[in-house]
Amino acid sequence: MKAVKVPEVLVRIDAHRLQFIANPASNSRRYARLWYSPTVKSSWLVAWTAAGICFGQAVKTNPLAGDARAAEAGRGVFRVYCAPCHGIKAEGARGPDLTLGVFNAGSGDADLFAVIAHGVPGTEMPGFAARFADEHMWRLVTYIRSVKKESPAATGDASAGEKLFWGKGACGQCHMVNAKGGRLGPDLSRAGRQRSLAYLRASVVTPGAEITPGFATITVVRKDGTKVIGVQRGLDNFSAQLMDMKENIHSFWRSDVKSIDREFKSVMPEYGKTLSATELNDVLAYVTKLKGEEKKR
Ligand code: HEC
Ligand code: HEC
């Protein structure tokens with residue numbers, strides 16, 4: 001992810017009211033100074049102090065639920081911190097589509113708050129508790145609730161797509177769904193929950209366009225000139241591990257081989273060329289239905 005410059009003030013709601021959402025991530029001292037800024041009318045200071053109390057740790061219900069201005073402020077924060085992964089409209093890209101109204105994390109506002117605060121260990125989703133005050137996270141929850149929409153259903157036939165996945169398309173040779181299938185590509189058991197339809201379509205039509213993090217292609221040339229090509233499993237300054245097309249894991253020391261190259265291209269075929277439009281829609285209808293299980297916390 002590209003480093004984003006951290007703005008000090010994220011949103012200006014209007015000129016007469018308390019007009020800034022000071023960004024606690026930029027500089028906490030500044031945040032405190034704005035908080036007590038003499039330009040803030042004392043009545044507002046009181047309002048904020050009161051709000052501060054109800055934003056305490058124990059809050060399990062969203063104090064800003066349904067508040068349109070909070071949603072708007074949340075949108076501003078979202079654009080900076082979350083859009084790089086979840087898309088500018090929260091429709092998903094590297095991170096899941098958040099407009100579907102169903103969440104792996106659970107269905108309550110407190111569940112969403114917990115995910116934003118602590119992240120999802122072992123995935124790309126970082127925790128924000130160290131950077132954001134609680135009210136910022138509640139604003140984000142309010143924003144996420146405000147973008148819920150009926151998901152654009154894939155138009156294809158999911159059961160025809162399932163046959164294609166395991167048959168002619170050979171997707172199952174490289175992808176696992178519910179513990180069945182190959183291990184070269186990412187497990188797709190929860191792809192329909194994690195990825196937007198647009199992202200999935202792009203992944204299948206032009207896999208090289210955006211490589212799933214951790215699944216780049218590694219080419220090793222041995223000293224005798226023979227090559228081993230596979231999907232990255234590990235890479236550092238001294239060594240590389242990769243899985244070849246037959247799912248054998250290879251491990252190399254840089255000092256033992258002629259070269260090790262990582263390319264951000266995919267070993268997955270470009271299905272835009274080999275599947276018809278109907279077949280493509282069918283297979284996408286199947287993949288978008290893969291929602292895995294809701295995690296128990
Ligand atoms: C570096 C990429 C990245 C960034 C930045 C990021 N997310 Fe995520 N987020 C993810 C991924 C990946 C997941 C899915 C984790 C998993 O597999 O359960 C996720 C999951 C979530 C979920 C849970 C979805 C569900 O179905 O349970 C929420 C809510 C969420 N993110 C909100 C946010 C918010 C709000 C921000 C910004 C403050 C943010 N994310 C920033 C990548 C990111
Ligand atoms: C030769 C092995 C191979 C085959 C066959 C294959 N894939 Fe892939 N697939 C991969 C690899 C490796 C990646 C990760 C690299 C990338 O982003 O392309 C991937 C990525 C994906 C992704 C993106 C996953 C994510 O969460 O980012 C989707 C979706 C996907 N494949 C679907 C399919 C479908 C549907 C088919 C069959 C029509 C298929 N794949 C066939 C190897 C394969």
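The shell around ligand 1 is made up of 19 nonpolar, 5 polar and 3 charged residues, where Ala, Val, Leu, Ile, Met, Phe, Trp, Tyr, Cys and Pro count as nonpolar, Asp, Glu, Lys and Arg as charged, and the others, Gly among them, as polar. The model is predicted: local features need pLDDT of at least 70, side-chain atom pairs count only at pLDDT 80 or more, and totals for chains, interfaces and linings use all residues. Residues are numbered from 1 along each chain as its sequence is written, and chains are lettered from A and ligands numbered from 1 in the order in which they are written.

In total, 27 residues surround ligand 1, a residue being near a molecule if its C-beta atom, placed from the backbone, lies within 6 Å of it. The closest are Cys 82, Cys 85, Gly 95, Ala 105 and Met 125. Two or more shell residues come from each of α3 (68-81), α4 (83-86), α5 (109-118), α6 (134-146) and α8 (191-194); helices are DSSP runs (H or I, at least four residues) numbered from the N terminus.

Of the 13 residues of α6, 10 are buried, so this helix is largely enclosed by the rest of the structure. Buried denotes 20 or more other C-beta atoms within 10 Å of the residue's own, with C-beta atoms placed from the backbone. Among the buried residues are Glu 135, His 136, Trp 138 and Arg 139.

Ligand 2 is surrounded by 26 residues, and the closest are Cys 171, Cys 174, Gly 185, Phe 215 and Ser 266. The elements giving two or more residues to this shell are α9 (197-205) and α11 (277-288); α9 gives the most, with 3 residues. The shell around ligand 2 divides into 18 nonpolar, 7 polar and 1 charged.

Conventions: Buried ≥ 20, exposed ≤ 12 C-beta atoms within 10 Å, placed from the backbone.
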